[in-house]
Every structure is written in structure tokens, then in C-alpha cells.
Amino acid sequence: MIGVLFICLGNICRSPMAEAVFRHQVEQAGLSSHFLIDSAGLGDWHQGEAPHQGTQNVLKQRGIAFDSIRARQIQSKDIEQFSYLVCMDEENLSGLKKWLTPGKQVYRLLDFAPEQTERNVEDPYYTGRFEHVYSLVEAGCQGLLQHICQERGIG
Ligand code: 4NP
């Protein structure tokens, strides 16, 4: 199984959106049996909560499932278990440093969407721009799936 963990600050807006969108894209590509997909937050403030209403709205509008997603904080075993650690912005990269083992690579989601002008997925918890964030997440997830398929020789 190829483990992909999406990471943001609170695990209620961006990373659960990315988890749902990536799982949906993987299903559409008929590749679900290859993947373990999850998300986590650097903070524990929203432990056990469903995604933010703004994230739920953009997913519902597109028929993308998110029912089983609940917020949780990242744990040290995630670093070993997941091959691809994919965070949302520079602040997440800094916050992740204390969790990482030597040599473990972390990506930002928009590393996989070079055509986008932004490199950070902004935090809609503060900006309220859930539709804009959805467009970045969709592009990043599509690029990530292509990258993994090439790297792993699947699809
Ligand atoms: P997220 O957004 O990192 O995209 O889930 C946030 C959600 C909650 C908080 C911060 C960011 N918070 O401080 O509670």
C-alpha cells in the first residue's frame, strides 16, 4: 500500500478536503486498492470533529464523500507509516520539523501543481475562500496522483 498523509494546522479545512478529493480521484482512476489515504493536523484543537462547514459545502456540491473523516493530531508513527507526507503551506513545513526523522521528505501540495501561481494553499479558516482553496486542492491532488503513478509504475 502507498501511504499518503495530508497535513494542515487544524485538520478541519484544507487537509480533510485534500483527503476527500484525492480519495475520489484515486477511486475514479480505479486505483483504490493501492492506497492508504488519511489526513492529520499539527494542532489538537479540533480532535474528533467533522470537517468545517465550508469544506463540507464544496465537497457536497461536487458529490465527493467525506462522511468518515474526523480531525486528529499527527503522531510520530505517521512519519514511518506514510510514504508521502503532503502539507499545505510554509507554516506547516516549519511545524512539521520536530516530527520528522532524518531524511524524511515533506512536500507542499502545490509542489505538484507548478502551473498554479501560488505555492501555499491559503487557510480558509481565516480567509473564508473555500472555493478558491478547492481549486488549488483539486489541481495539487491531480498532480500528486500523476507523480505517484509515475514514481511507482502504476496506473
Ligand atoms: P486548517 O484550518 O489548518 O486548514 O484545518 C484551521 C482550522 C482551525 C484552526 C486553524 C486553522 N484553529 O486555529 O482552530
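Which helices are included in what covers the buried residues of H2? The cover includes H1 and H6. The buried residues of H2 are Gly-54, Thr-55, Gln-56, Val-58 and Leu-59, where buried means under 20% relative accessible area, exposed means over 50%, and partly exposed lies in between (1.4 Å probe, protein chains only). Covering is judged by contact, defined as heavy atoms within 4.5 Å. Helices (H or I, at least four residues) and strands (E, at least two) are DSSP runs, numbered from the N terminus. Just after H2, Gly-63 has a positive phi of about 65 degrees.

The structure is a predicted model, in which local features need pLDDT of at least 70 and side-chain atom pairs count only at pLDDT 80 or more, while totals for chains, interfaces and linings use all residues. Residues are numbered from 1 along each chain as its sequence is written, and side-chain values use heavy atoms, with hydrogens and water left out.

The surroundings of the ligand were examined next. The residues around the ligand are Cys-8, Leu-9, Gly-10, Asn-11, Ile-12, Cys-13, Arg-14, Trp-45, His-46, Asp-123, Tyr-125 and Tyr-126; a residue is counted as near if one of its heavy atoms lies within 4 Å of the molecule. By type, this shell divides into 7 nonpolar, 3 polar and 2 charged residues. In this division Ala, Val, Leu, Ile, Met, Phe, Trp, Tyr, Cys and Pro count as nonpolar, Asp, Glu, Lys and Arg as charged, and the others, Gly among them, as polar.

A polar backbone atom of Ile-12 is 3.0 Å from an oxygen atom of the ligand, and for a polar backbone atom of Cys-13 the distance to a ligand oxygen is 2.9 Å. Tyr-126 places a polar side-chain atom 3.4 Å from an oxygen atom of the ligand. Taken alone, the ligand exposes 360 Å², and the protein buries 92% of that. Accessible areas come from the Shrake-Rupley method with a 1.4 Å probe, and for residues only the protein chains shown count as cover.

The structure holds 8 salt bridges, a salt bridge being a side-chain nitrogen of Lys or Arg within 4 Å of a carboxyl oxygen of Asp or Glu. One of them joins Arg-14 to Asp-89, with the closest N and O atoms 2.9 Å apart. Arg-14 lies in helix H1 (residues 14-28) and Asp-89 in the loop between strand E3 (84-87) and helix H4 (90-96), so this pair ties together parts that are 75 residues apart in sequence. Arg-14 is buried at a relative accessible area of 2%, and Asp-89 is buried at 11%.

Another salt bridge connects Glu-19 and Arg-23, at 2.8 Å from N to O. The two residues are 4 residues apart in helix H1 and are therefore separated by about one helical turn. An α-helix has 3.6 residues a turn, so residues three or four places apart point the same way. Glu-19 is buried, with a relative accessible area of 5%, whereas Arg-23 is partly exposed at 24%.

A further salt bridge is formed by Arg-72 and Asp-38, whose closest N and O atoms are 3.1 Å apart. This pair links distant parts of the chain, 34 residues apart: Arg-72 is in the loop between helix H2 (53-61) and helix H3 (76-81), and Asp-38 is in strand E2 (residues 35-41). Arg-72 is buried at 16% relative accessibility, while Asp-38 is partly exposed at 22%. Elsewhere, salt bridges that share partners join Arg-14, Asp-89 and Asp-123 into one network.

Glu-122 is located in the loop between strand E4 (106-108) and helix H5 (124-127). With 18% relative accessibility, Glu-122 is buried. Its side chain makes a polar contact of 2.8 Å with the side chain of Arg-129. Neighbours within four places in sequence aside, Glu-122 is in contact with Arg-14, Thr-127, Arg-129, His-132 and Val-133.

Notes. A polar contact is a pair of N or O atoms within 3.5 Å; within protein, one must be able to donate a hydrogen and the other to accept it, and residues adjacent in sequence count only if both atoms are side-chain atoms.
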